Amino acid sequence: SERKLSFENEGVIFLSPVKLFDLVQSAADRSISNLNGGVYISGKEYKVKKDYVGAPFTLFVECEEDNFECEIDLVPSVSLEINQLPRKVQDRVRVINKNFNSRVNKCMAIALKPADRERFEIDFHDIERDILRNREVAKKVVMLMKHLRDIKG
């Protein structure tokens with residue numbers, strides 16, 4: 001159970017991002033297999049395929065009948081309170097929150113398999129969203145940057 005998702009370092013047990021990533025990926029594989037690659041919704045077939053080239057891994061869902069396609073990125077993560085982070089990080093987040101009038105006090109520890117076998121990457125997605133709230137021009141710039149990142153690599 002917990003041993004399957006953890007590793008030990010100097011007598012301390014840690015949650016392993018790689019093992020968590022592998023568990024979610026394995027569950028997705030089994031689910032897609034059990035669905036025989038598709039699911040029926042309101043009588044229409046939606047095909048589900050996977051791509052595990054990197055992290056996150058991606059599910060592709062399509063329905064020819066509805067001319068529908070979408071990609072779903074799956075990233076295993078753990079929700080954390082900011083006060084669970086190291087003191088220096090907490091202090092920096094408080095300064096950023098104060099400067100941008102944000103009250104978000106949560107972040108995510110995400111498991112990106114190729115990144116680090118023993119450490120999660122900390123993601124402040126909710127704080128970023130809160131900062132961009134009511135800043136339409138900034139949102140468009142961020143969306144453009146993400147688009148360029150996705151097409152250029």
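1. Aromatic pairs. A search of the whole structure finds 3 aromatic pairs. Rings of Phe, Tyr and Trp (its six-membered ring) pair if their centres lie within 6.5 Å; planes under 30 degrees apart count as stacked, over 60 as edge-to-face and the rest as tilted. One of the pairs joins Phe7 and Phe14: the ring centres are 5.5 Å apart and the planes meet at 25 degrees, so this pair is stacked.

2. Basis of the model. This is a predicted model, in which local features need pLDDT of at least 70 and side-chain atom pairs count only at pLDDT 80 or more, while totals for chains, interfaces and linings use all residues. Residues are numbered from 1 along each chain as its sequence is written, and side-chain values use heavy atoms, with hydrogens and water left out.

3. Is Phe7 buried or exposed? Phe7 counts as buried, at 16% relative accessibility. Phe14 has a relative accessible area of 37% and is partly exposed. Buried means under 20% relative accessible area, exposed over 50%, and partly exposed in between (1.4 Å probe, protein chains only).

4. An edge-to-face pair. The rings of Phe21 and Phe57 have centres 5.4 Å apart and planes at 85 degrees, so they count as edge-to-face. Phe21 belongs to helix α1 and Phe57 to strand β5, so the pair ties together parts that are 36 residues apart in sequence. Both Phe21 and Phe57 are buried.

5. Secondary structure. The protein has 4 helices and 9 strands. Helices (H or I, at least four residues) and strands (E, at least two) are DSSP runs, numbered from the N terminus. Along the sequence the pattern reads β-β-α-β-β-β-β-β-α-β-β-α-α.

6. The sheet of 4 strands. The order is β3-β4-β5-β6, the sheet is open and the pairing is antiparallel. Two strands pair if DSSP finds at least two bridges between them. At the edges lie β3 (38-41) and β6 (68-74), each pairing on one side only. Neighbouring strands here are turned by 25 degrees against each other on average, direction ignored. Axes are lines fitted to C-alpha atoms, for helices over the stretch in contact; angles run from 0 to 180 degrees between N-to-C directions.

7. How many bridges join β4 to β5? There are 5, between antiparallel strands covering residues 44-51 and residues 57-63. Lys47 stands opposite Glu62 in β5. Helix α1 (residues 17-34) packs on the sheet and touches β4, β5 and β6. The direction of α1 makes about 20 degrees with that of β5. Contact means heavy atoms within 4.5 Å.

8. The sheet of 3 strands. This open sheet has the order β7-β8-β9, again with antiparallel pairing. Its edge strands are β7 (77-81) and β9 (121-123), and each pairs on one side only. The twist averages 30 degrees from one strand to the next. β7 and β8 (residues 106-110) are paired over 5 bridges. Leu80 stands opposite Cys107 in β8.

9. Overall form. The C-alpha trace spans about 50 × 50 × 30 Å along its principal axes. Of the 153 residues, 24% count as buried.
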